[in-house]
Amino acid sequence: MTYAIAAAAAATAGLAFPAAATAAAPRAATSDFNGDGYADLAVGVPDGTVSGRAKAGYVNVVWGGPRGLGAHGSIRVTQATPEVPGTPEAGDRFGASVALTDLNGDGIAELLAGAPGEDVTDRGADAGTVIVVGGSRSGPGPGSTVLTGPSPSAAYGRSVVAADLTGGGNKTIVIGGKDKVVARVIVGEDSLVTTVVAAPMGGRAPVLTTGDFDGDGTADLGVAYWTSGVPNTQSHVRLWKWDADASEMANFWNTDNAGVTALAAGDFDGDGHDDLALGECREIADENIDDPCGPEGIAKGGGIHIHYGSPANGSFGSRAQTLNQDTPGVPGVAEDGDHFGAALAVADVDRDGRDDLIAGAPGEAIGSKAKAGAAWLLRGGAKGLLDARGAAQSVAWNQDTAGVPGVAEAGDAFGAAVAAGDHDKDGVPDVTAGSPGENASLGAVWLLPKGAAGGSAAFSPRTLGLPYLSTAQKYGNALSSR
């Protein structure tokens, strides 16, 4: 798609949402896109073919309902959808990042979708864009452009999150592009775009999450990025908060030399303070400085490193835990290439007042099936994800787990994406796991009701009646729900 946008301000003009009655608490967003009271699931399919155009991309919103996901139909949102700006073109990769979140507090979610391959008039090829599509009871509502990249190959839309970072009731939309993270902020009646960080990121999408890490009642932003050798090896995990006086995001906490693939925020020890999980954490800096991912041996196969929140007068992250598949209570064996923690999601599945962590390992071998993939539910406790003896309480699933449909096959990449939401409204979160390599990379998603194998089901473009071709769609590579 090509269209002229004069400036960043123009890109966000007209995209104002009414303020919520009260500031939303972190992680309180709904994913109910059609307003029926059930949490829905957004599946980003950037490799999907649309109108004959390869990798134009689409988003599939799968409806929740009394029988859970996959049993109540879905809709396919593309740039050919009348409400969505633009036109599908080869390589747009619409849906490369997705988020279902209630931006204005009306109880109905909006869909945020990134298209980092979007060409933009006067900006150039692959400038990228993020689009917001309104939800409604009658289907997709009006769509608007949130922001487009300022130059060729800016690739805006590689990642996206939204949260009330200012405490004013409006959600700030944070966008990751090539070597940059920017925030689109609404303060009162004004809208502005501010750069959070600009630095080499090794050609990878910056990793984003939100949570109240400083305990002030307002959400903060977590950003992770790393590069190797260009211009030098560096890696960072950083926390940012809104500085109202300066009208910009301010960096207040860092852990350097840690390269991660995923971030997630949750209160894993139930003390009322958000904690930060670093997924597939490994030290990749030029020198061994401070073991940023915990003991180096625990990084084998992909370690998960957790920094715990503290009271307001304490220091965030001063207490930490590290685990991998060699940790007592974690099923499996740590092996190089497992990518344990490459995908993370958070929910209190057992409803004990402590958040649990869902972790995917798409490179996990199941028997002789290389890269078949698996996912884990790691339960929170009084000490966090590990007890006083350093042991975890967890359960693992793969396609050879009893009760889970399918058969583990090489390259399935089960667990490449994970999410959680109460899709049948029974008060207990359900877990979803994507398997983009399933069926020769057509892809599929598995629903694990109440975080258990019993009653689990799978759905794919074929079972949902979506258009699909012989080309790889990699359905299930990006998921969003809450």
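Four strands form an open, antiparallel sheet in the order β25-β26-β27-β28. This is a predicted model: local features need pLDDT of at least 70, side-chain atom pairs count only at pLDDT 80 or more, and totals for chains, interfaces and linings use all residues. Residues are numbered from 1 along each chain as its sequence is written, and side-chain values use heavy atoms, with hydrogens and water left out.

Colleague: What makes β25 and β28 edge strands?

Modeller: β25 (417-421) and β28 (457-459) each pair on one side only. Strands here are DSSP runs of E, at least two residues, numbered from the N terminus.

Colleague: Why are β26 and β27 called paired?

Modeller: Pairing needs at least two DSSP bridges between the strands. Five bridges join β26 (residues 430-435) to β27 (residues 444-448), so they pair. Thr432 stands opposite Leu447 in β27.

Colleague: Why is Phe213–Phe316 called an edge-to-face pair?

Modeller: Rings of Phe, Tyr and Trp (its six-membered ring) pair if their centres lie within 6.5 Å; planes under 30 degrees apart are stacked, over 60 edge-to-face, the rest tilted. Phe213 and Phe316 are 5.6 Å apart centre to centre, with 65 degrees between the planes, so the pair is edge-to-face. They lie 103 residues apart in the chain.

Colleague: How do you know that Phe213 and Phe316 are buried?

Modeller: Buried means under 20% relative accessible area, exposed over 50%, partly exposed in between (1.4 Å probe, protein chains only). Phe213 has 2% and Phe316 has 9%. Both therefore count as buried.

Colleague: What makes Phe414 and Trp446 edge-to-face?

Modeller: Their ring centres are 5.6 Å apart and their planes at 70 degrees, so the edge-to-face label applies. Phe414 is in the loop between β24 (394-397) and β25, and Trp446 is in strand β27.

Colleague: How do you know that the charged end of Arg204 sits over the ring of Trp226?

Modeller: The rule asks for NZ of Lys or CZ of Arg within 6 Å of the ring centre and within 35 degrees of the ring normal. The charged end of Arg204 is 3.4 Å from the centre of the Trp226 ring and is listed as sitting over it. Arg319 sits likewise over the ring of Tyr308, 3.9 Å from its centre.
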